[in-house]
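Please look over the sequence and the model shown here before reading on.

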Amino acid sequence: MNILCVCGNGIGTSVLLKVNVESVAADLGVDVNVTTSDAGSAKGIANMNDLVLTSAELAPELEGTTTPVEVITNFMDTDEIKSVLEKYAD
């Protein structure tokens, strides 16, 4: 599963989310390829992914993509991340 993690600049909190997504996916036995992006570029590349994870503040900027966009409230909360990944894991 290709997952895009989005934050304002694409180098801070999205990288933190990426690390946590990879850890949770490994625990679930889900094969993921996680990339990061800034909010401005994300809409253009969202459709090349299976899932987009971002904050509530940035989610509206991704409206109109065909890829599901899920809001993560706390990028450090692995239980929250797990509950989202479980919805999309095959």
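## The start of helix H3

Which residue caps the N-terminal end of H3? Aspartate 77 does so, with a side-chain oxygen placed 3.0 Å from the backbone nitrogen of aspartate 79. For reference, a polar contact is a pair of N or O atoms within 3.5 Å; within protein, one must be able to donate a hydrogen and the other to accept it, and residues adjacent in sequence count only if both atoms are side-chain atoms.

## Basis of the description

The model is predicted: local features need pLDDT of at least 70, side-chain atom pairs count only at pLDDT 80 or more, and totals for chains, interfaces and linings use all residues. Residues are numbered from 1 along each chain as its sequence is written, and side-chain values use heavy atoms, with hydrogens and water left out.

## Overall architecture

The secondary structure consists of 3 helices and 4 strands, arranged along the sequence in the pattern β-α-β-α-β-β-α. Helices (H or I, at least four residues) and strands (E, at least two) are DSSP runs, numbered from the N terminus.

Taken along the principal axes, the C-alpha atoms fill a box of roughly 30 × 25 × 20 Å. The protein exposes about 4700 Å² (Shrake-Rupley method, 1.4 Å probe), and carbon and sulfur atoms supply 48% of that area. Of the 90 residues, 39% count as buried, where buried means under 20% relative accessible area, exposed over 50%, and partly exposed in between (1.4 Å probe, protein chains only).

## The buried face of helix H3

Helix H3 spans residues 78-88, and its buried residues are Glu80, Ile81, Val84 and Leu85. Seen down the helix axis, these residues fall within an arc of 130°, so they line one face of H3; the arc is that of the directions from the axis to the C-beta atoms.

The buried residues of H3 pack against strand S1 (2-7), helix H1 (13-28), strand S3 (51-54) and strand S4 (69-71). Contact here means heavy atoms within 4.5 Å.

## Cysteines

The structure holds 0 disulfides, a disulfide being a pair of cysteine sulfur atoms within 2.5 Å. The sulfur of cysteine 5 is 9.2 Å from the closest cysteine sulfur, in cysteine 7, which is too far for a bond.

Cysteine 5 counts as buried because its relative accessibility is 0%. Cysteine 7 also counts as buried, at 5% relative accessibility.
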